[in-house]
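Colleague: Could you put the model up on the screen, please, and then talk me through it slowly?

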Amino acid sequence: MDIKTKYGWQEFYAIALLETDWSKIEEKIQVAENGIKARLHEFSMDHGGTPEENQAIGDALKRLDILRSEVAAWHTSKRRG
């Protein structure tokens, strides 16, 4: 998937958000979080990134948590149904 992003980690994030197969979303979330964590590690090694990127990371992590909750609810309803 060729997605234009401003920051390298955003491609993984976009792939997670755009995944339509509920059985694969958790894996995509994990890949996105790993990309973000790698970038945060880079921040600790150098300048800490721009305020804009820090805000984008915070927003992305919140949205990934929401997506993870939705996936968990889907798995729960699937087991009940």
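**Overall picture**

Modeller: Let us begin with contacts, meaning heavy atoms within 4.5 Å: among those in the protein chain with a separation of 6 or more, 59% are between residues 24 or more positions apart. Please keep in mind that this is a predicted model, in which local features need pLDDT of at least 70 and side-chain atom pairs count only at pLDDT 80 or more, while totals for chains, interfaces and linings use all residues. Residues are numbered from 1 along each chain as its sequence is written, and side-chain values use heavy atoms, with hydrogens and water left out.

Colleague: How many helices and strands does the protein chain have?

Modeller: There are three helices and zero strands, and read from the N terminus on, the elements run α-α-α. Both kinds of element are DSSP runs numbered from the N terminus, where a helix is H or I with at least four residues and a strand is E with at least two.

Colleague: And what does the C-alpha trace span along its principal axes?

Modeller: The C-alpha trace of the protein chain spans about 50 × 25 × 15 Å along those axes. Its accessible surface comes to about 5500 Å², with 55% of that belonging to carbon and sulfur atoms; such areas come from the Shrake-Rupley method with a 1.4 Å probe, and for residues only the protein chains shown count as cover.

Colleague: What percentage of the residues is buried?

Modeller: Of the 81 residues in the protein chain, 30% are buried, where buried means under 20% relative accessible area, exposed means over 50%, and partly exposed is in between (1.4 Å probe, protein chains only).

Colleague: Okay, then which residues have the most contacts inside the largest nonpolar core?

Modeller: Those are Trp9, Tyr13, Ile29, Ile36 and Leu64, in a core of 15 residues. Helix H1 (9-18), helix H2 (22-45) and helix H3 (51-80) each supply at least two of the core residues, and the largest share, six residues, comes from H3. By nonpolar core I mean a set of buried Ala, Val, Leu, Ile, Met, Phe, Trp, Tyr and Cys residues joined through side-chain atoms within 4.5 Å. As background, nonpolar side chains in soluble globular proteins tend to be buried together.

Colleague: What does Leu64 touch?

Modeller: If we leave out residues up to four places away in sequence, Leu64 touches Tyr13, Ala16, Ile29, Ala32, Glu33 and Ile36.

Colleague: Switching to charges: how many positive and negative side chains are there?

Modeller: The protein chain has 12 positive and 14 negative side chains, and the centres of the two sets lie 5 Å apart. Here Lys and Arg count as positive and Asp and Glu as negative, while His and the chain ends are not counted; the place of a charge is taken as NZ of Lys, CZ of Arg, CG of Asp or CD of Glu.

Colleague: How many salt bridges does that give by the rule?

Modeller: The count comes to six, where a salt bridge is a side-chain nitrogen of Lys or Arg within 4 Å of a carboxyl oxygen of Asp or Glu. One of them joins the side chains of Glu52 and Lys6 at 2.6 Å, N to O, and this pair links distant parts of the chain, with Glu52 in helix H3 and Lys6 in the segment before H1, 46 residues apart.

Colleague: Which residue does Glu19 pair with?

Modeller: Glu19 forms a salt bridge with Lys28, and their closest N and O atoms are 3.7 Å apart. Glu19 is buried because its relative accessible area is 19%, while Lys28, at 25%, counts as partly exposed.

Colleague: Where do Arg39 and Glu42 lie?

Modeller: Both lie in helix H2, three residues apart, which is about one turn of the helix, and their side chains meet in a salt bridge of 2.6 Å, N to O. Arg39 counts as buried at 18% relative accessibility, and Glu42 counts as partly exposed at 38%.

Colleague: Last one: how far apart are the C-alpha atoms of Lys78 and Ala14?

Modeller: They are separated by 25 Å, and along the chain the two residues are 64 residues apart. Lys78 is found in helix H3 and counts as exposed because its relative accessibility is 53%. For another pair, Val31 and Tyr13 are 18 residues apart in sequence and 8.1 Å apart in space, C-alpha to C-alpha.
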